[in-house]
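Trainee: Could you help me learn how to read a contact between two chains?
Mentor: Gladly; let's look together.

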Amino acid sequence: MKSLRVFLILALVFGSSAFASQKPAKPSRKPAQVRGLRVEVQIGDRRSVFDVKPADIKGKYVMEFYNNAGKRATRPLTPDDYNYLLKKAQKLQGENNKREFCPQKFIRVVSSSGEKTGCDGAQNVLAKDINGLVRLLSYIL
Amino acid sequence: MGILIIAMLLGIAALASVPLECTDLAKVACRPGDRSDGTGTRYSRSAVTQRSMKAELAMRAKLPGLVSDFMKEPGSLFLRNIAAEQFGIDSEDCDSSDKTVSQKCQSIVNEGMVELVANSLFENAGPAKSRPVGLMGVDSIIGHKKYTEFAKGLYLEWMKQSSDQERTGPIVDRVFEDILKDYPAFIDSLPLDEQMKKKMKAKIASIDTEIKPSCSDIGGFNYNVDPNAFYFPTTQEVHFCPGTLMNTDSEFTIATALGHELGHALDGCFIAMDGGVYSYPANDPLQLTYPIPNVVSCLRGATSLDIQSRAAWTEAQGVGGGAQGPGAPRSYKYNSGSGKYGSKAPKSAAFDLTNCVQNDQIAEGVSDWIGAELAARYIKRRAEQLKLTEQNRRDGWANANAHLCDWKIPSTTYDTHSSGEKRINAILMMNPSIRTQMSCPPDSKPENYAYCDPNAPVLRGGYGTFDSPSGGNIGVPMNLEVIIDDESEATTESGPVIKRGKREDK
């Protein structure tokens, strides 16, 4: 009986240490799927975020907005509006602007076609198109 | 017993006589109502709303005439046709095949344009408006170059009306010029070698001496009403948005705001721009070797701004756990170059400006600290010139950062700034010169904050674990560890080596 107890204890100790030595499996990191559209605008100390969201379970599309001055807003979108905004974001062409050149004045767009960054006020095609997208989002607001 | 009671009463009386500005400046700053300080006034929210609404109403009244004139211009013909297609789509009067737009159609188009322009100009001023046309239609108009130029002109016109720029503009220019002149003396006061001082002064000398009063109105903010200012490192320009002057014309506020923006020229991140002043060693995770490292270290502590990096903040939100709470040893983690918090830059190129500015509050923290030093110098001189009273000076320093009371950051969002309360109480209120200007008794310093003294003992080249939480000016214990957030490899070959050690007390 005593030997059985010793055996059980040993089994527990070795079993647990063997278990502990196993490295926890790393969660597989899949590229995040972007649905909808996020636009972040940084001008000086001010930061605003526009989230264009895909349809919820009720089939409604919305644009959510917040900024670091405490403003929050939600605006309804029609399916046409939503698709138009997404297409406009996906069509953004050109080399990403380097944020080193505009760390205090830039706009970042994240959509299913990746991330695009434009310097506010810059005259390159991407920056101008991104600026146009933000003006449209601001209009909806 | 009687002596004890008398001593207690005296103690209570002494406490009661300490002005609140000396123990909780933020509380005074955030009190509602207008507050004049002898140099100007910080206006209450309701006063600002009234002024902006008045300016908006005046502008709204002008819009129909301005739009009508604009649409009549020969250069607007193409835009007019686009607008007629959009606004007149349901009207027989606006048959787009008809090249001559009828008078009735013109008025439909003009009404639509007025609504469109008003929506762009006054986006923060009223409730959401009905959209006259579909989003694609709106885009075809507001994306047109002619429209953009027109809207920009209207914005500038409104800016002139709303911000009283003719009166306040020269004040801003004067304060800016004076602070720039003070900057070299401030650099001289720092514990730096002569070569570093020379480089810093050269950088300050190349700052554009003309302040930029215009700010774009993009992104849901309207800088005719919303205060904002920023330093643009590539051009070395300071932008000061007119909305700032809607809220205040106090020189305390203007000096603090401009001091902060000028502070960015030497902050932990922008100091490395232009290559002349300072280059971070490849193995420096951020600013371990910043020229005044003890200020940086102090600002990171809980007795000051309690600065957070994005990675540490993310961890505090529950990703990866981590000790929390005031005074708790914190792990300040900085990503050395690659992975989800960092850039795609190789690890050896540890310094990355974008990540420095966006992923660490230190740039703003150092700018707050420098800003307070510069503003204190300016105001000290100005207060003597204007013979400001003690109460003026207390009110003025309460006005200086009062706009931060409206600074609301969603708890789920990382912001590059520390909380407004800390920016006021830990920086302005703890500055020795400002305390003297407010006639704060020496023993009235709150225990939970400390001034970040540039002459405090330095642990240059690495902030280790500080055993004493109350150790002088340095702040809370802080473990600094460098994480390499790269799944494929975690080598320290090119990464920084952090020395851990105890801070030596003075």
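Trainee: Which side chains meet in a salt bridge here?
Mentor: A salt bridge is a side-chain nitrogen of Lys or Arg within 4 Å of a carboxyl oxygen of Asp or Glu. Here the partners are K88(A) and D139(B), at 2.9 Å from N to O. Between chain B and chain A the count is one salt bridge. A word on the source: this is a predicted model, where local features need pLDDT of at least 70, side-chain atom pairs count only at pLDDT 80 or more, and totals for chains, interfaces and linings use all residues. Residues are numbered from 1 along each chain as its sequence is written, chains are lettered from A and ligands numbered from 1 in the order in which they are written, and side-chain values use heavy atoms, with hydrogens and water left out.

Trainee: How many residues of each chain are in contact?
Mentor: Contact means heavy atoms within 4.5 Å. By that rule, 43 residues of chain A touch 49 residues of chain B.

Trainee: What area is buried between the chains?
Mentor: Buried area is the accessible area (1.4 Å probe) that two parts lose on being put together, summed over both. For chain B and chain A that is about 4100 Å², with 55% from carbon and sulfur atoms.

Trainee: How do β5(A) and β6(A) pair?
Mentor: Strands (E, at least two residues) are DSSP runs, numbered from the N terminus, and two strands pair if DSSP finds at least two bridges between them. Strands β5 (residues 105-111) and β6 (residues 114-119) of chain A are antiparallel, over six bridges. R108(A) has T117(A) in β6(A) as its bridge partner, and two residues lie between the strands of this hairpin.

How values were computed. Helices (H or I, at least four residues) and strands (E, at least two) are DSSP runs, numbered from the N terminus.
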